[in-house]
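Colleague: I am new to this structure and would like to go through it by question and answer. Please show it to me before we start.

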Amino acid sequence: MRLVLFGPPGAGKGTQAKRLEEAYDLVQLSTGDMLRTEVASGSALGIKVKDIMEAGKLVPDALIVDMISGRIDEAEARAGFSLDGFPRTIPQALSLDAILDGKGLKLNRVIELRVDDEAMVERITGRFSCASCGDNYHEKFHPTTVAGICDACGGARFDRRADDTAETVRARLKAYHDQTAPLISYFEKKGIMMSIDGMADIDDVTRQIREALD
Ligand code: AP5
């Protein structure tokens with residue numbers, strides 16, 4: 001199965017992609033995570049994109065398409081994948097179609113997580129992750145079971161993303177509405193789009209997605 005998880009910043013794409021990875025053996029391909037790895041490593045690509053990401057703007061299409069096409073080719077993605085944060089513009093969607101066509105593959109589904117913009121600011125500014133294993137949490141909606149200790153690995157240090165400030169979230173939401181939301185009608189025309197209520201709690205969103213896929 002090949003899926004796109006679609007929605008604005010904070011909609012829950014990453015949270016749900018991780019759950020689908022376990023439930024359906026779908027590799028999560030997150031362009032945001034790939035870019036953050038490049039920035040952390042200080043690579044040439046990371047240096048190019050750091051300021052763009054911290055300003056909440058979209059990275060140029062050509063850089064993104066180069067980066068993701070290699071990952072779709074990797075052996076671990078052959079059984080299936082969920083795309084988290086890609087495509088984000090019409091040119092990126094056309095490139096994805098061309099990449100898949102070239103391999104005789106198709107996208108099976110696009111799952112849209114419908115959410116309210118204002119709630120996304122609270123979701124994103126409350127997000128943090130374990131510095132050791134990367135497990136994701138939220139101060140209010142998904143806290144650690146024991147305060148200050150990661151549920152998954154017992155780590156006691158946590159990180160926040162550089163672009164998770166209220167000001168940058170608003171810039172990211174604007175980029176979503178200006179450049180990414182037009183993809184909704186693109187996918188609707190293909191007949192593979194399903195809309196899910198992303199304002200429900202995390203377990204309920206997972207249940208809705210699984211019902212849609214099963
Ligand atoms: P990226 O990393 O893709 O960020 P994003 O799209 O802004 O999305 P987020 O990761 O912030 O949110 P999410 O939907 O995954 O939500 P999450 O599950 O974490 O992109 C970052 C930057 O990289 C971009 O701004 C751009 O510069 C660049 N970039 C990346 N891809 C690009 C591309 N294709 N083209 C150009 N540039 C690109 O959830 C958020 C929080 O809410 C968590 O704490 C979670 O616990 C909580 N939560 C989740 N679901 C729920 C729920 N149902 N109820 C309550 N809380 C919830």
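Modeller: This is a predicted model, in which local features need pLDDT of at least 70, side-chain atom pairs count only at pLDDT 80 or more, and totals for chains, interfaces and linings use all residues. Residues are numbered from 1 along each chain as its sequence is written, and side-chain values use heavy atoms, with hydrogens and water left out.

Colleague: Which residues come nearest to the ligand?

Modeller: A residue is near a molecule if one of its heavy atoms lies within 4 Å of it. There are 35 residues around the ligand. Those that come nearest are Thr15, Lys57, Arg88, Arg127 and Arg172.

Colleague: Which element gives the largest share of the shell around the ligand?

Modeller: Helices (H or I, at least four residues) and strands (E, at least two) are DSSP runs, numbered from the N terminus. Elements that each supply at least two shell residues include helix H1 (13–24), helix H2 (31–41) and strand E6 (136–138). The largest share, four residues, comes from H2.

Colleague: Which residues have the most contacts inside the largest nonpolar core?

Modeller: A nonpolar core is a set of buried Ala, Val, Leu, Ile, Met, Phe, Trp, Tyr and Cys residues joined through side-chain atoms within 4.5 Å. Buried means under 20% relative accessible area, exposed over 50%, partly exposed in between (1.4 Å probe, protein chains only). The largest such core has 32 residues, and H4 gives the most to this core, with five residues. The residues with the most contacts inside it are Phe6 and Phe187.

Colleague: Is Asn136 buried or partly exposed?

Modeller: Asn136 is found in strand E6. Leaving out residues up to four places away in sequence, Asn136 touches Lys18, Phe128, Ser129 and His142 (heavy atoms within 4.5 Å). Because its relative accessibility is 33%, Asn136 counts as partly exposed.
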